[in-house]
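Q: Hi! Could you walk me through this fold while I have it open on my screen?
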Amino acid sequence: MSKDEQNTKLLKHIESQDYIQIRRKDPTELYACIPLAISKQFLMVLRFYDFDPYGYEVFPLSSIVDICHSDTDVYFGDIAKKEGASIQIAAAPSIDLHSWRSILSFFLPSGENVTVDIGKEDCVNVGQITKTTNTSFCMRCFSPTGVWDDDDWSEPYKNITGIQFRNHYLQTFTKYLPPRGDG
């Protein structure tokens, strides 16, 4: 499928708020989502696990390998919406999807916790975005035991493969996380 065909298909699914399956280069498994917004480079979706909305994700369009929308997806989409997905669709934030910098800058004022996937290192970092520049960003991360790092972590945008926010993990963890210390 060409990039233009892919984008046309995604725009149709965004307009219809369709529950679809997307396969990305990495990870390669299909996962369920409702696409919410698109730019020339990025797609923002509401992810699902077992009919439950599991937060939002933004990733590069170039990482998409396949898009599926079967009769099963239509049926599952109806169930997901009856189980509350419509509320999260309506509550989706309006984020400038122009660049990684514009996307990550959205989180600077609020200090909201996000997850950033770094493909080259096959790692995931969780914490608060603290700075964005033309080529990179800084983030204060916390450990799985709720301990904030002493210093910011910096990474070039070119290494990001996706970000997640407002998912169950982040929302639950944030409730029990101590205030961030500035080291």
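A: Happy to. One term before we start: rings of Phe, Tyr and Trp (its six-membered ring) pair if their centres lie within 6.5 Å; planes under 30 degrees apart count as stacked, over 60 as edge-to-face and the rest as tilted. With that, Tyr 19, Phe 48, Phe 51, Tyr 75 and Phe 76 form one aromatic cluster.

Q: Good to know. What am I looking at, and how are residues numbered?
A: This is a predicted model, where local features need pLDDT of at least 70 and side-chain atom pairs count only at pLDDT 80 or more, while totals for chains, interfaces and linings use all residues. Numbering runs from 1 along each chain as its sequence is written, and side-chain values use heavy atoms, with hydrogens and water left out.

Q: How many aromatic pairs does a search of the whole structure find?
A: It finds 15 aromatic pairs. One of them is Tyr 31 with Phe 59, an edge-to-face pair at 6.3 Å centre to centre and 80° between the planes. Tyr 31 lies in strand 2 and Phe 59 in strand 4 (residues 52–60), so this pair ties together parts that are 28 residues apart in sequence. Strands here are DSSP runs of E, at least two residues, numbered from the N terminus.

Q: Is Tyr 31 buried or exposed?
A: Tyr 31 is buried, at 4% relative accessibility. Buried means under 20% relative accessible area, exposed over 50%, and partly exposed in between (1.4 Å probe, protein chains only). Phe 59 is buried too, at 0%.

Q: What lies over the face of Tyr 31?
A: Arg 47 does, at 3.5 Å from the ring centre. The criterion is NZ of Lys or CZ of Arg within 6 Å of the ring centre and within 35 degrees of the ring normal.

Q: Switching topic: which strands does strand 2 pair with?
A: Strand 2 (residues 30–38) pairs in the antiparallel sense with strand 1 (residues 20–24) over four bridges, and also with strand 3 (residues 42–49), again antiparallel, over five bridges. Pairing requires at least two DSSP bridges between the strands. Gln 21 stands opposite Ala 32, and Ile 34 has Leu 46 as its bridge partner. Strands 2 and 3 form a hairpin with three residues between them.

Q: And where is Gly 146 found?
A: Gly 146 is in the loop between strand 8 (136–141) and strand 9 (153–156), and is buried at 12% relative accessible area.

Q: What does Gly 146 touch?
A: Leaving aside residues up to four places away in sequence, Gly 146 touches Phe 173, Leu 177 and Pro 178, where contact means heavy atoms within 4.5 Å.
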